[in-house]
Amino acid sequence: MAADFFAVICFSALNRRRVNQRINKRDPHWVGLSTGILAVGYREDPILLEGCLKSLRAIRYQRNQRVMLVVDGNEEQDEYMAQIFMKIFEKQGAAVFRPDFLCMDREASDKAREDLVRQLAYHPGPVCVMQPHRGKRSAMYTGFAALLQQGIESVVVTDSDTYLDPAVCKELAFALAESPIVGAATGDVRIYNTGTWVSFLSSLRYWFAFNLERGAQSYHSVVNCVSGPLGIYRMSIVADVMDSWVKQSFLGVLCTYGDDRHLTNLVLREGYKVKFSHHAICYTDTPIKFIAWVTQQTRWSKSFFREIPIQLGCMHLHSPWMTYALLYQLIYPMMMIYNLVNCIYFGTGSQIAWWMFSIMGVGLMKTAYAVRVTRDKKFFFTTIYGFLYMLGYVPAKIYAALTLYDNSWGTR
């Protein structure tokens, strides 16, 4: 654990330094790839949706050519989302489209689909699409099809409960501009609802997951998951993989969750690099109750296991760090369980104490680093996350591995 932590610190610090150097040399008026913002949601909390749309309206990037919200539902209960959209973007000439079909169900040459994507692409203002309920992937697919028709070079993807920093499009586009072989990038995802211990500890974990783990992966250009709340993709790559991505199945069942990790893996499989920039910032929602958090971790863990064969198939195209990171994420939780069980049944009191001391010691090292970088004393609570990890995350990981056949969202 200590050796891994030191390696991650070194590579993430080098990535942070490289990103800062590039930005310091950047022309203040730099403009690069054209972008379009695609937000998707399903019966979102009205307050969160309004905050999300206001943050999209405040985006400051000269080449952002489109703001689009795709609502995964077109029933009467979904209408409020279109009304909020029109209220926020009324002065920008917004429009709402209500197709009775899904783009993913029609061929690209289908007349109805062609007419829809043409209208979406050439409408001069922000657009909202209300389509039949089929899941997040189907909503994203409709947005991708419209942006391709418009000829936009990259798409910034987000969720309807996420607030974007005004500079996020510029920073993500700048990450892609590092090289033509950079196909996707993500940013620093933060948590705004930290009112419970579960959500507060999750917010600390998010900082390490992005600023350390993804930072280290970014130094080797192999970020393994462009987070759903904040990511950018080159549209030329999306055009090549979107059909196989939207129809991904596992054990004969169409996949619903894990859209972000799978799309990232398809980018990596094509041989492109994936980056992280700590200057691209967003704030998103996280579960506030323990059971809801465990359900979320179970869903993410299933996605992780499901994607392993794809990562194994493209490891030879990328840095050895990609192989190491995958093996560590796979083995580490099982090693923790083994050590715990071994200590309880076969260990002495001193061995159990040493095991707990080791975990807390590494937690204190993480705390020291985070406080030094952020100068925020809240990271003194980082060690407590270890207990949440053992009580919730590790069992969720094991349960996910045993129930991969269950492709349901898990909210029940």
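# Reading a predicted model, feature by feature

Me: How does S199 count by its relative accessibility, as buried or exposed?

Reply: S199 counts as buried, because its relative accessibility is 0%. The word has a cut-off: buried means under 20% relative accessible area, exposed means over 50%, and partly exposed lies in between, with a 1.4 Å probe and protein chains only. Please keep in mind that this is a predicted model, in which local features need pLDDT of at least 70 and side-chain atom pairs count only at pLDDT 80 or more, while totals for chains, interfaces and linings use all residues. Residues are numbered from 1 along each chain as its sequence is written, and side-chain values use heavy atoms, with hydrogens and water left out.

Me: Where is S199 found, and with which residues is S199 in contact?

Reply: S199 is found in helix 7, where a helix is a DSSP run of H or I with at least four residues, a strand is a run of E with at least two, and both are numbered from the N terminus. Contact means heavy atoms within 4.5 Å. Once neighbours within four places in sequence are set aside, S199 is in contact with I191, N193 and T194, and also with T286, P287 and I288. Although S199 and P287 are 88 residues apart along the chain, their C-alpha atoms are separated by 6.2 Å.

Me: At roughly what angle do the axes of helix 7 and helix 10 cross?

Reply: Axes are lines fitted to C-alpha atoms, for helices over the stretch in contact, and angles run from 0 to 180 degrees between N-to-C directions. Here helix 7 (residues 197-219) and helix 10 (residues 290-314) have axes that come within 10 Å and cross at roughly 35°. From helix 7, V198, S202 and Y206 meet F290, W293, Q296 and W300 in helix 10. Sorted by class, this contact has five nonpolar, two polar and no charged residues, where Ala, Val, Leu, Ile, Met, Phe, Trp, Tyr, Cys and Pro count as nonpolar, Asp, Glu, Lys and Arg as charged, and the others, Gly among them, as polar.

Me: Which residues does D259 touch?

Reply: D259 lies in helix 9 (residues 259-269), and D259 counts as buried because its relative accessibility is 5%. Not counting residues up to four places away in sequence, D259 touches K136, R137, M140 and W245.

Me: Which residues other than glycine have a positive phi here?

Reply: As a general idea, most residues other than glycine have a negative phi. In this model, L251 has a positive phi of about 55° although it is not a glycine, and L251 is found in the loop between strand 9 (249-250) and strand 10 (253-254). R375 also has a positive phi, near 60°, and its place is in the loop between helix 12 and helix 13. L251 counts as exposed at 61% relative accessibility, and R375 counts as exposed at 74%.

Me: How many salt bridges does the count come to?

Reply: A salt bridge is a side-chain nitrogen of Lys or Arg within 4 Å of a carboxyl oxygen of Asp or Glu, and by this rule the count comes to 17 salt bridges. One of them joins the side chains of E79 and R98, at 2.4 Å from N to O. E79 lies in helix 3 (residues 79-89) and R98 in the loop between strand 3 (95-97) and helix 4 (111-122), so the pair ties together parts that are 19 residues apart in sequence. E79 is partly exposed, with a relative accessible area of 24%.

Me: By about how much are D115 and R118 separated in helix 4?

Reply: D115 forms a salt bridge with R118, in which the closest N and O atoms are 3.2 Å apart. Because D115 and R118 are three residues apart in helix 4, they are separated by about one helical turn. D115 is partly exposed, with a relative accessible area of 26%, and R118 counts as partly exposed at 36%. Elsewhere, salt bridges that share partners join R43, E75 and D78 into one network.
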